[in-house]
Amino acid sequence: QVQLVESGGGLVQAGGSLRLSCAASGSIFSISVMGWYRQAPGKQRELVATVASGGVTNYADSVTGRFTISRENAKNTVFLQMNSLKPEDTAVYYCYASIRTTYSTTYRASWGRGTQVTVSS
């Protein structure tokens with residue numbers, strides 16, 4: 001079993017900053033990609049940013065230059081530093097990881113339960 005637990009969401013004014021964290025735990029052999037997705041009310045879940053085990057990052061155009069993703073491989077943790085937040089960033093943010101467990105030879109997607117980020121104007 002694998003768990004992803006997010007923290008760091010909350011309410012912030014436009015222009016402010018938040019830092020999200022997500023820690024993976026359980027029977028983990030290795031993790032390839034970790035990342036963040038978000039889902040606003042009435043919209044589909046969308047990619048925010050991902051980071052591969054070697055450090056290569058990928059960002060949605062809407063957050064490039066404002067958000068920074070990073071990870072700490074030794075602690076199976078991924079972070080999302082969000083600066084210059086806008087009301088349109090309001091959403092539930094979900095942690096994602098592609099994980100190979102100690103009892104499998106393949107990688108599977110795992111998701112956290114989500115953390116609410118609300119940006120007021």
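**Around one tryptophan**

Mentor: Trp111 is partly exposed, with a relative accessible area of 36%. Partly exposed lies between buried, under 20% relative accessible area, and exposed, over 50%, using a 1.4 Å probe and protein chains only. This is a predicted model, where local features need pLDDT of at least 70, side-chain atom pairs count only at pLDDT 80 or more, and totals for chains, interfaces and linings use all residues. Residues are numbered from 1 along each chain as its sequence is written, and side-chain values use heavy atoms, with hydrogens and water left out.

Start with the rings. Rings of Phe, Tyr and Trp (its six-membered ring) pair if their centres lie within 6.5 Å; planes under 30 degrees apart are stacked, over 60 edge-to-face, and the rest tilted. The count comes to three aromatic pairs. Strands are DSSP runs (E, at least two residues), numbered from the N terminus. Tyr37, Tyr96 and Trp111 make up one aromatic cluster.

Arg45 lies over the face of Trp111, 4.8 Å from the ring centre. Arg45 also lies over the face of Tyr94, at 3.7 Å. The rule asks for NZ of Lys or CZ of Arg within 6 Å of the ring centre and within 35 degrees of the ring normal.

Tyr37 leads on to Val48. Among the residues Val48 touches are Tyr37, Trp36, Phe67, Leu80 and Tyr93, not counting residues up to four places away in sequence. Contact means heavy atoms within 4.5 Å.

Val48 belongs to the largest nonpolar core, which has 29 residues. Such a core is a set of buried Ala, Val, Leu, Ile, Met, Phe, Trp, Tyr and Cys residues joined through side-chain atoms within 4.5 Å. Trp36, Val48, Phe67, Val78, Leu80, Met82 and Tyr93 have the most contacts inside this core. The largest share, five residues, comes from S9.

Cys22 and Cys95 form it, with sulfur atoms 2.0 Å apart (the cut-off is 2.5 Å). Cys22 is in strand S3 (residues 18-26) and Cys95 in strand S9 (residues 91-101), 73 residues apart. The S-S torsion of Cys22 and Cys95 is about -85°, so the disulfide is left-handed. Cys22 is buried at 0% relative accessible area, and Cys95 is buried at 0%.

Note on methods: Helix = DSSP H or I, 4+ residues; strand = E, 2+ residues; numbered from the N terminus.
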